Amino acid sequence: MAAATLLCFSPPISVSSLPSRKPNFVTPNLQTSQSRICTRIRCNTNLLGDFGARDPFPAEVESKFGDKVLGFSDTEHKILIPAASALSLANQECSDISPNQTPLSEFEAKQLLFKVVGWRLANEDGVLKLQCTWKLKDFDCGVELINRIGKVVEGTGHLPTLHQLEQSNQVHAELWTPSIGGLSINDFIVAAKIDQVKISDLVPRKRAWA
């Protein structure tokens, strides 16, 4: 049985449709607050889409419904462009880093670490670095992964250190900003771009146990 979902709508409400009896709670000022109708619907949540404001139909405009309902008829609708900080790191571009810039603190680096996959922080003699290791099928797959990563990051101006470990089926990547002696936002942007490289055809298949 599908779970019960509580949906809250805020449609135009006619003043004349409000109940005339006095409720048991204090009635809010109808001129300054907008009533809400909460309807409990039993349905599959996967069928629910986004609920939001819409423009009035021509017939509604002609009826001057805005003069008869609670709310404001001259509400302005705007489409806001998200700030760069709200965008995925992979969609951002690397910026110039001044040698006088302070590297990211360990706390800041740990917060950004949630936005990349498979990377870890390494502290080498007080210098923070980003590191990631991939285990692949064989040596040729390692070479292919390095080539794919190279194509993704070649236009960023901020390149990782890539090399194959003694075990020929592993590739190791390291990111940091030497000019400031630590990590910058550029390191996480490049790491996020590398995360988008397809590797499903390069890694060993996991055994499926019955």
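**Notes on the predicted chain**

1. Of the contacts in the chain with a separation of 6 or more, 70% are between residues 24 or more positions apart; contact here means heavy atoms within 4.5 Å. Please keep in mind that this is a predicted model, where local features need pLDDT of at least 70 and side-chain atom pairs count only at pLDDT 80 or more, while totals for chains, interfaces and linings use all residues. Numbering starts from 1 along each chain as its sequence is written, and side-chain values use heavy atoms, with hydrogens and water left out.

2. The chain holds 4 helices and 6 strands, in the order β-β-α-α-β-β-α-β-β-α from the N terminus. These are DSSP runs (helices H or I, at least four residues; strands E, at least two), numbered from the N terminus.

3. Searching the whole structure gives 1 aromatic pair. (Rings of Phe, Tyr and Trp, the last by its six-membered ring, pair if their centres lie within 6.5 Å; planes under 30 degrees apart are stacked, over 60 edge-to-face, the rest tilted.) W119 is in the loop between α2 (106–113) and β3 (120–124) and W134 is in strand β4 (residues 127–135), so the pair ties together parts 15 residues apart in sequence.

4. Both W119 and W134 are buried, as are 26% of the 210 residues in the chain. Buried means under 20% relative accessible area (1.4 Å probe, protein chains only).

Key
Buried < 20%, exposed > 50% of the residue type's maximum accessible area, 1.4 Å probe, protein only.
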